[in-house]
Amino acid sequence: MTGLVIETERLIIREFQLDDANAVFQFSTCPITTRFTGDGNRVKTLKDAQHIISNIWLKEYNAIGYSRLAVVEKHSGNVIGFCGIKYLNDEKINELGYRLLPQYWGMGLALEATTAVLLDTKNRLSLSNVYADINIKNLASIKLINKLGFKPINHFEDDGERYTRFAHTL
């Protein structure tokens, strides 16, 4: 394994590899996991998951030095989701995103992963502002983003869903 590795008490957060395609397929096709993400139909096959890894995440690591990262549970060694900063080129902002399989919800793992990623974002990437777009129905994510110190700055609609954009200065 090469590239960035962030270690927390219960997690290893690292760059995705093509070998992670099955895990990406699992968390990207789980309707409970993707119901508020706005990209629930993007991955339909294992080939789609491979495409995202190789043509988006790996390319972004090489081009700008960061993207979504694999969240690995230390105990099992399983990839259980992603967490990381993505540069939104159209808007010229850096967005925090995270996604975990539902069996890992309610354990503080999303807070653990996002806290570690934000610290890395500040220290290694020297980024000063990060944003998060949260569906207004996703109360758990709103609670998490508030714990992290993000503040709401505006609302918008996308594909018939309402979102709040949150901002955080690192």
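1. Basis. This is a predicted model, in which local features need pLDDT of at least 70 and side-chain atom pairs count only at pLDDT 80 or more, whereas totals for chains, interfaces and linings use all residues. Residues are numbered from 1 along each chain as its sequence is written, and side-chain values use heavy atoms, with hydrogens and water left out.

2. Strand pairing. E6 and strand E8 (residues 161-169) pair in the antiparallel sense over seven bridges. Strands are DSSP runs of at least two residues and helices (H or I) runs of at least four, numbered from the N terminus; two strands pair if DSSP finds at least two bridges between them. Alanine 132 has phenylalanine 166 in E8 as its bridge partner. Six of the seven residues of E6 (residues 129-135) are buried, that is, under 20% relative accessible area, with exposed meaning over 50% and partly exposed in between (1.4 Å probe, protein chains only).

3. Nonpolar core. The largest such core (buried Ala, Val, Leu, Ile, Met, Phe, Trp, Tyr and Cys residues joined through side-chain atoms within 4.5 Å) has 48 residues, and Phe16, Trp57, Leu96 and Phe150 have the most contacts inside it. Helix H3 (residues 46-64) supplies the largest share of this core, six residues. Beyond its neighbours within four places in sequence, tryptophan 57 is in contact (heavy atoms within 4.5 Å) with residues including Phe16, Val24 and Phe82.

4. Cysteines. The whole structure has zero disulfides, a disulfide being a pair of cysteine sulfur atoms within 2.5 Å. The sulfur of cysteine 30 lies 18 Å from its closest cysteine sulfur, in cysteine 83, which is too far for a bond. Cysteine 30 is buried at a relative accessible area of 14%, and cysteine 83 is buried at 1%.
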